[in-house]
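Colleague: I have just opened my first structure and would like to learn how to read it. Could you take me through it step by step?

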Amino acid sequence: MPPPVAIAFSGVQKWFGTNHVLVDIDLTIATGEVVVVIGPSGSGKSTLIRCINGLEAVQQGTVVVGGKRLTATGGELAAIRREVGMVFQAFHLYPHKTVLENITLAPITVKRVLRDQAEREARALLERVDLPEKADAYPAQLSGGQQQRVAIARALAMQPKVLLFDEPTSALDPEMIAEVLDVMKALAHTGITMVVVTHEMGFAREVGDRVIFMDAGRIVEQATPQQFFSAPGNPRAQLFLSKILAH
Amino acid sequence: MDWSVLGENAGALAQGLLITLEVSALALLLALVLGVIVATLRVAPSPVLRRIGTAYVEFLRNIPLLVQLFFLFFALPSIGIRLDAFVCGVLALGVYTSAFVAEAIRSGIAAVPTGQLEAGLSSGMGYATAMRLIVLPQAIAKTIPPLGNTTLNLIKNSSLVSTVSVLDILGTANLLGARSFQYVPMFVGAAICYLILTLPTAFAVNRLEKRYAR
Ligand SMILES: Nc1ncnc2c1ncn2[C@@H]1O[C@H](COP(=O)(O)OP(=O)(O)OP(=O)(O)O)[C@@H](O)[C@H]1O
Ligand SMILES: [Mg+2]
């Protein structure tokens, strides 16, 4: 039995210099839940999810992932990160490695999986993101949508319990957004815990369990997608929604 | 003008070429070792270490190499440290060049987007592993062109050791020119000797650059 709570923020405060970027964050995410984080630019969405895998440290409060508290010490942090995959807006594939190497690098070096097995699993993952023919290509030879699908496969290769997405489709041309969202939607049904920063309302509606709206470092509204999109309570959320739905 | 002196002194020039090669190779080795260490300081998380690294680079690369060489050769003996001219040459050239090596490596590391390190860390790699497998291979590729330039400069700068009586290419040519009064053939010979070292180096750097250009 996995712990019912996958991620828990309690009393979290974070500052960048004098800029208070996370304010009084209390948030519990259940195992298998798909949480969509939205909010205006600079509201702290990226910072929030980067605290889940310790790319950012908090100054007050605690972040607990899979029952383990995120502290700044190297070894434990790496152990938690093995269970938490991350997909970035700008992909960040390793340009000097092939697609297959991108996917197998962490399993081989971190988990000590044998190369043969790692490659077999990587090919299966490429199958899953619908890119089996690109195993030997270099990232620069792929389109943005293809690169992001490889990045998802790379994150999945560590068999994480939690997947974090930071605006995974924002850097993509419109015609490539759907292919990435389709992969993410399929993932949402597998029971993996997902925290997704995105403004793709269709995705939130279709597979989101909960929408979190952030403003100026605070979580100002939480609701099911149905509730949120039909009648957001917070006036800032209303304003924000009217803006993004306008185009 | 008597070009036959070139033929008569080919052996001496070849000996000088060997000395230039030795000084350059040893100085390059020293520069690479010191340069990597100082570059590590320059990107260290600790501000104090970073400041030490910066001070080292700015100090050494902003004082003429000839001044540093004269300091080792002429000034140190007056405080009781007497080094061989060849050793002074290697030390001055190596330490001076290490500032440029450090700078090339630092800018190479800085040119790798932080997202690369973050991607590695996010997949559970430790800092050292992510640096070694992800950041440094990309940094090295970006470092090859400036390091190639630095190496060529080092070979050319090595001619300064002739001023402290080392019989490298220039020292030999100068000596033989003075003896025979045939400066033109001797210095043309010296130029050819330098090209024998620098052109293949430039060619090799170009090849490496192409190979790592991805
Ligand atoms: N590394 C950093 N150093 C200093 N300030 C930062 C850093 N990263 C983020 N900030 C600041 O923290 C605040 C929150 O930023 P964050 O990136 O989390 O916002 P966001 O909601 O993800 O915005 P966007 O939609 O533009 O991605 C902003 O004011 C930003 O300028
Ligand atoms: Mg962001």
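Modeller: Gladly! Let's begin with a term: a polar contact is a pair of N or O atoms within 3.5 Å; within protein, one must be able to donate a hydrogen and the other to accept it, and residues adjacent in sequence count only if both atoms are side-chain atoms. One case here is an oxygen atom of ligand 1 that sits 3.2 Å from a polar backbone atom of A:Ser43. This is a predicted model, where local features need pLDDT of at least 70 and side-chain atom pairs count only at pLDDT 80 or more, while totals for chains, interfaces and linings use all residues. Residues are numbered from 1 along each chain as its sequence is written, chains are lettered from A and ligands numbered from 1 in the order in which they are written, and side-chain values use heavy atoms, with hydrogens and water left out.

Colleague: Which polar atoms of A:Ser41 and A:Gly42 lie by an oxygen atom of ligand 1?

Modeller: For A:Ser41 it is a polar side-chain atom, 2.6 Å from a ligand 1 oxygen. For A:Gly42 it is a polar backbone atom, at 2.8 Å from an oxygen atom of ligand 1. The protein covers 58% of the 630 Å² of accessible area that ligand 1 has on its own; such areas come from the Shrake-Rupley method with a 1.4 Å probe, and for residues only the protein chains shown count as cover.

Colleague: Which residues are around ligand 1?

Modeller: A residue is near a molecule or strand if one of its heavy atoms lies within 4 Å of it. Around ligand 1 these residues include A:Phe16, A:Asn19, A:Pro40, A:Lys45, A:Thr47 and A:Glu167. To sort the shell, count Ala, Val, Leu, Ile, Met, Phe, Trp, Tyr, Cys and Pro as nonpolar, Asp, Glu, Lys and Arg as charged, and the others, Gly among them, as polar. The shell then divides into three nonpolar, seven polar and two charged residues.

Colleague: Which helix or strand supplies the largest share of that shell?

Modeller: Helices (H or I, at least four residues) and strands (E, at least two) are DSSP runs, numbered from the N terminus. The largest share, three residues, comes from H1(A). Strand E2 (19-30) and helix H1 (45-52) of chain A each supply at least two residues of the shell.

Colleague: Now the strands, please. How do they form a sheet?

Modeller: Strands of a sheet pair through backbone hydrogen bonds, either parallel or antiparallel. Two strands pair if DSSP finds at least two bridges between them. Here an open sheet of six strands in chain A has the order E6-E7-E8-E3-E9-E10, with mixed pairing. Strand E6 (84-87) and strand E10 (218-223) of chain A are at the edges, each with a single partner strand, so one side of each has no neighbour in the sheet.

Colleague: In which sense does E3(A) pair with E8(A)?

Modeller: Strand E3 (residues 34-38) and strand E8 (residues 193-197) of chain A pair in the parallel sense over four bridges, and A:Val35 has A:Val195 as its bridge partner in E8(A). E3(A) also runs parallel to E9(A), again joined by four bridges; there A:Val37 has A:Ile212 as its bridge partner.

Colleague: And how many bridges link E9(A) and E10(A)?

Modeller: Five, in the antiparallel sense, with A:Met214 partnered by A:Ile219 in E10(A). Their hairpin has two residues between the strands, and A:Ala216 takes a positive phi near 50 degrees.

Colleague: Is E9(A) largely enclosed or open?

Modeller: Buried means under 20% relative accessible area, exposed over 50%, partly exposed in between (1.4 Å probe, protein chains only). Six of the six residues of strand E9 (residues 210-215) of chain A are buried, so E9(A) is largely enclosed by the rest of the structure. A:Arg210, A:Ile212 and A:Met214 point one way from E9(A), while A:Val211, A:Phe213 and A:Asp215 point the other way.

Colleague: What does the secondary structure of chain B come to?

Modeller: Chain B has nine helices and zero strands. Of its 214 residues, 44% are buried. One example is B:Thr172 in helix H8 (residues 169-180) of chain B, which counts as buried at 7% relative accessibility. A polar atom of the B:Thr172 side chain lies 2.7 Å from the backbone oxygen of B:Asp168.
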